[in-house]
Amino acid sequence: VIQIRRSMIPLEKLQEGTRHIAARDFDSRVMIKSGDEFEDLAASFNTMTSELGKQFKTIATMGEIDREILSTLDTVKIVNTLLTRMPDVFPCNCVSVTLINPDAPNMGTIYIREGKPGSQVQMEMIQLLSEEREKLYDHPESLFIMDEDAPNYLSPLAKRGNKSFLVLPIFVNEKLSAIITLGYLGPPKI
């Protein structure tokens, strides 16, 4: 009976862990130090819990961004939501949104937020060179840039120490409308 009760304790802890997951508490961990399969199972359970927490956070963040975009036509509010929430989905050192001027497609306004807690959104005017625009059209899904000589439109991020960039061009009616950029101080950790 004592041996059966001892073997039930890890199962009870795992069962308690599933209750936490059902309540969307992805920060709790199951601690079992038995030196056997139950300890291995608890470690796997904790890894799964952590991954589920990341996925739920990503879904919630994307939902918030979608709601913001659909509920308002306030461009500044949409940009602020993107700049605030994007690092939750894609960890980075800096994030920017560049809005292309529809009347002057070689000009844009870049809004930048560094990844430091409490950092404020900063705004600058940028110019896109013709060859840089062509490269974005050639890579409509994404473009990864990793060198010291960042394109002209990324110079505001480069002067903040970013060395590599994930560039996500946004096209509306086949015209470059915006650019979302994630900046990294070094190579991103994948």
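In the predicted model, a polar atom of the R113 side chain lies 3.3 Å from the backbone oxygen of S119. R113 is placed in strand β2 and has a relative accessible area of 17%, so that it counts as buried under the 20% cut-off. Leaving aside residues up to four places away in sequence, R113 touches S119 together with its neighbours in the chain Q120 and V121, and the contacts also include L83, T84, C94 and V95.

The largest nonpolar core comprises 16 residues, and those with the most contacts inside it are L128, L136, Y153, V167 and I179. Two or more residues of this core are contributed by each of the strands β1 (94-101), β2 (104-114), β4 (143-146), β5 (164-172) and β6 (175-184). For V167, the contacts beyond four places in sequence are with L136, S142, L143, I145, Y153, L154, I179, I180 and T181.

The loop between β5 and β6 holds N173 and also E174. Most residues other than glycine have a negative phi. Against this background, N173 adopts a positive phi of about 50 degrees although it is not a glycine, and E174, likewise not a glycine, has a positive phi of about 65 degrees. N173 counts as exposed because its relative accessibility of 72% lies over the 50% cut-off, and E174, with a relative accessible area of 72%, is exposed as well.

Definitions and conventions: Residues are numbered from 1 along each chain as its sequence is written. This is a predicted model: local features need pLDDT of at least 70, side-chain atom pairs count only at pLDDT 80 or more; totals for chains, interfaces and linings use all residues. Side-chain values use heavy atoms; hydrogens and water are left out. A nonpolar core is a set of buried Ala, Val, Leu, Ile, Met, Phe, Trp, Tyr and Cys residues joined through side-chain atoms within 4.5 Å. Buried means under 20% relative accessible area, exposed over 50%, partly exposed in between (1.4 Å probe, protein chains only). Helices (H or I, at least four residues) and strands (E, at least two) are DSSP runs, numbered from the N terminus. Contact means heavy atoms within 4.5 Å. A polar contact is a pair of N or O atoms within 3.5 Å; within protein, one must be able to donate a hydrogen and the other to accept it, and residues adjacent in sequence count only if both atoms are side-chain atoms.
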